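This report covers strand pairing, helix packing and ring contacts, in that order. Cut-offs are given where a term is first used.

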Amino acid sequence: MCGIVGYVGNRPSLEVLIGGLRRLEYRGYDSAGVAVIDPTGTLVTHKRAGKLHVLIDDLASSPIADGVTGIGHTRWATHGGPTDRNAHPHLGDDGKLALIHNGIIENFSVLKEELLAEGYEFRSETDTEVAAVLLGREYRAAGDLTVAFRTVVDRLHGAFTLLAVHQDQPGVVVGARRNSPLVIGLGDGENFLGSDVAAFVEHTRRAVAIGQDQIVTIRPDSIEVTDFFGNPVETEPFDVSWDAAAAEKGGWSSFMAKEISEEPDAIANTLRGRIVDGAVELTELEPLAGVLADVDRVLLLACGTASYAGMLGKYAIEKWAGIPADVELSHEFRYRDPVIGPRTLVVSISQSGETMDTLMAVKYAQERGAATLSICNTQGATIARESDAALYTHAGPEVAVASTKAFVAQVAALYLFGLHLGALRGHLSAAELATNLAELQAVPDKLAIVLRSGPEIRELARNMTDTRSVLFLGRHVGYPIALEGALKLKELAYIHAEGFAAGELKHGPIALIEPGQRVFVVVPSPRQGGVLHPKVVSNIQEIRARGAHVIAIAEKGDVAVLPFADDVLRIPLAAPLFEPLLAVAPLQIFAMELAAAKGLDVDQPRNLAKSVTVE
Ligand code: F6R
């Protein structure tokens, strides 16, 4: 939450900052602001409530002086509403210092009392301004921003990435991070800082991830990273594997539409190079080699959409590896006393790799002795770095706030992992492994076929703009898809939606059915023994008898659903565990099209931010 960008170099910084904020806007869009040190050595700031375009329009009509050093921020409000006043940057040292922040400073009220008692004044209700004023005070004592930062971070509790500039130190941007992300972009005669590499990828693809509790000072020709005590830290640059074009809309009506279209590639790229001679090759898992041979339980931790990928991972791991697997919402796991055995492997799933709830849950599990694997889509992200091993999904940058291509890539990675574990533990025969790998490799082409039904689904969505409630039913691997379909509809179209396990229907939810109630049903395959198919068809009959309008997502050729469904969306034939990878796209498209038909912003739904970096 909150996007942060910093620049120091040789070109007008505003252009770089605004470009970076455009790419980071998915992290929060309650307000945006910039601060630059102009050529006369004066700090100039401008900030506005609302989406980034409000700030951009303002800067176009009333330009501010530019310079070659600056910081920019796009906010997801926590402390203090989304107003101009609460927008970042916040000022310290009588307006000579500007500071931006991502995270929450938990002890801000104590610090504010201390500063108020010393006569300092505050203009906003934010926790961030307290850090700015404190930094200003320490700057006056130290005369150096980096040194002042060292004192300040020692006083702050909570999660933060802070970036600051001071007009008396032009050509310098200083940042600090604890539990929130920060990455350096290495340029030629210029350097960048960003919440993630999207902030600067159009200028450089060479990056350095800043570690936990570190301070970074960038100048045009140097970067310096230390721990909070000033001890130098060695940095390890990496190359960003995607380019700026990957984070552009490229002619699509929305990032979400583009990202759904990229799902086949997201899966293919996640599998690429990892299936060799009929075996799964995951060299990234080497640090866990000893653990994997001995593991007796897998615990999957994630939030939101990623947790539904985790549910599918559970079914796959149990089936293919014969190991008990459980999925927990990260935030529920952390604040109780979970029992972690010595042979438990914790697998976290996070697109951003920065979700605070998941990061904290991983750390909590580590404190209890668990080995940890991160399934992550963002290179150098905190969760991946903090885990014993990282299995990256290669979905490319996901910009739309609602996760789509990252979800299918997460499932593909979990399936690879499940098959790897099954083979390693001798639970899967060579023939079973080969069959499942072939099924997995066939998914991208089948998914491309599903995506062709876009127009049909758009039509369906356009006829449902006045719908106030939609239910989703699924069973076995269809259940997580029902949950995901409901989540997508809630977050994008602001329609009440609930996902249920179809078997649960008669235990309560069927009371919701009244004439005209729209219900999506993910129908399992009737083939391969299909014991679940007749049960779900019975469920459809039960709700239909009570007046429900049923939209079935069913395998091609499944005629059993026809008499009972009002609409049928078809998916190609696949083995049961692979069906969800095909069934999810129609629900994503439906939510997107319904939101678009209601005139809503599908890329930036209200109240949300892509990386939830606060608890
Ligand atoms: C929903 C969505 C969220 C995320 C969740 C976890 O469309 O995107 O539910 O899945 O916030 O995010 P990551 O995967 O970044 O940890």
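## Sheet

Strand 9 (residues 183-186) and strand 10 (residues 191-194) pair in the antiparallel sense over four bridges. Strands here are DSSP runs of E with at least two residues, and helices are runs of H or I with at least four residues, both numbered from the N terminus; two strands pair if DSSP finds at least two bridges between them. Within this pairing, Leu186 stands opposite Asn191 of strand 10.

The model is predicted: local features need pLDDT of at least 70 and side-chain atom pairs count only at pLDDT 80 or more, while totals for chains, interfaces and linings use all residues. Residues are numbered from 1 along each chain as its sequence is written, and side-chain values use heavy atoms, with hydrogens and water left out.

An open sheet is formed by eight strands in the order 3-2-4-1-10-9-11-14, with antiparallel pairing. Strand 3 (43-49) and strand 14 (238-239) are at the edges with a single partner strand each, so one side of each has no neighbour in the sheet.

## Helices on the sheet

Helix 1 (residues 13-24) lies across strand 1 (3-8), strand 2 (31-37), strand 4 (69-75) and strand 10, and runs at about 155° to strand 1. Helix 2 (residues 52-61) also packs on the sheet, where it touches strand 2 and strand 3 and makes about 130° with the direction of strand 3. Contact means heavy atoms within 4.5 Å; axes are lines fitted to C-alpha atoms, for helices over the stretch in contact, and angles run from 0 to 180 degrees between N-to-C directions.

## Helix 9

Just after helix 9, Gly322 has a positive phi of about 65°.

## Aromatic rings

There are nine aromatic pairs in the structure. Rings of Phe, Tyr and Trp (its six-membered ring) pair if their centres lie within 6.5 Å; planes under 30 degrees apart count as stacked, over 60 as edge-to-face and the rest as tilted. Phe472 and Phe520 are stacked, at 5.1 Å centre to centre and 5° between the planes. Phe472 belongs to strand 22 (residues 469-474) and Phe520 to strand 24 (residues 518-522), so the pair ties together parts 48 residues apart in sequence. Both Phe472 and Phe520 are buried. Elsewhere, ring pairs link Tyr7, Phe192 and Phe200 into a cluster.

Definitions and conventions: Buried < 20%, exposed > 50% of the residue type's maximum accessible area, 1.4 Å probe, protein only.
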